[in-house]
Each structure stands twice: as C-alpha cells, then as structure tokens.
Amino acid sequence: MRNTLAHKKEGHIFHELKRHLRSFGLVNITGLQWVETMHGEEGFVHASRKTLCRWSHSNRITVAVLENGEVRIRYGEIDPAFSHFLRKICPKGSGAVTNLPDAFVIDSLHILDRANNAYSPTFGDPIPRPF
C-alpha cells in the first residue's frame with residue numbers, strides 16, 4: 001500500500017512539474033539537432049552530468065538542465081517569478097553546461113513539436129543522456 005501511495009504522490013509531483021515547465025515556456029530540447037551558425041557543425045542537444053540541476057542565461061536565452069538530464073530552453077528575460085521557479089528546479093544555481101555552441105540554430109518546427117509534446121520522438125530522442 002505504501003508503494004502505491006508513494007507512486008501516486010511522485011506521479012502528481014511529476015505532472016505538477018510538467019505543468020509549471022510549460023507555463024513558464026520551458027521547452028524540452030533534449031536530443032534535438034542543432035547547427036552551429038558560423039561553421040555549420042552539427043550535434044544533438046545533451047547536458048553535462050556535472051551540471052545537473054543548473055541553469056544558464058545568455059542573450060535572453062535561458063537553458064535549464066533538470067535533475068534527470070533534460071535540457072529545457074526559454075527565450076526572454078528572467079522576471080522574479082521565473083527566477084523563483086529556476087531556484088526550485090535548478091537548486092545548484094547557474095552554470096549549466098550543454099553541448100550547444102555559442103551561436104546555434106534548432107529548426108523551429110522541431111521546437112514547436114516539443115512545445116506541443118515535451119517528449120515527442122519525432123525529430124529527436126527526448127530521453128536524457130548526459131555526457
């Protein structure tokens with residue numbers, strides 16, 4: 001009986017987290033293909049194990065690496081409500097490291113697909129595999 005209650009509680013917490021991630025506009029880009037804009041190098045989005053539970057913000061782009069290794073991205077400034085949420089999902093603070101270059105492009109269709117379904121495998125494997 002305890003395992004069932006614990007599983008229900010974990011499930012509820014997970015669904016609550018997904019709802020908040022979506023409400024703050026954080027899109028799961030784990031496994032999507034990126035292209036570096038200057039040299040045309042390519043890769044698939046993954047995070048470093050060393051920076052699980054961390055975030056970074058540069059050029060109005062926030063990258064959050066969740067505890068399970070998911071890489072989430074959002075465009076825009078960090079307001080107080082978002083800052084508070086970041087502290088909850090990334091309690092280790094700033095310093096997230098991914099394999100994204102400084103200047104990159106991810107196909108907007110791929111991002112829109114993930115905005116609709118955070119775990120869609122259509123354009124890339126959404127399962128986190130931190131390096």
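I looked up Ser 48 and found it buried, with a relative accessible area of 8%. Buried means under 20% relative accessible area, exposed over 50%, partly exposed in between (1.4 Å probe, protein chains only). The model is predicted: local features need pLDDT of at least 70, side-chain atom pairs count only at pLDDT 80 or more, and totals for chains, interfaces and linings use all residues. Residues are numbered from 1 along each chain as its sequence is written, and side-chain values use heavy atoms, with hydrogens and water left out.

Ser 48 sits in the loop between strand E3 (42-44) and strand E4 (54-58). Helices (H or I, at least four residues) and strands (E, at least two) are DSSP runs, numbered from the N terminus. Leaving out residues up to four places away in sequence, I found Ser 48 touching Val 97, Pro 130 and Phe 131. Contact means heavy atoms within 4.5 Å.

Next I turned to salt bridges. One needs a side-chain nitrogen of Lys or Arg within 4 Å of a carboxyl oxygen of Asp or Glu. By this rule I get four.

Among them is Glu 16 with Arg 19, at 2.5 Å, N to O. These two are three residues apart in helix H1 (residues 2-23), about one helical turn. Glu 16 is partly exposed at 28% relative accessible area, and Arg 19 is partly exposed at 47%.

Arg 72 pairs with Glu 70 at 2.9 Å, N to O. Both Arg 72 and Glu 70 are buried.

Arg 129 bridges to Asp 125, with the closest N and O atoms 2.4 Å apart. Arg 129 is partly exposed at 47%, and Asp 125 is partly exposed at 35%.
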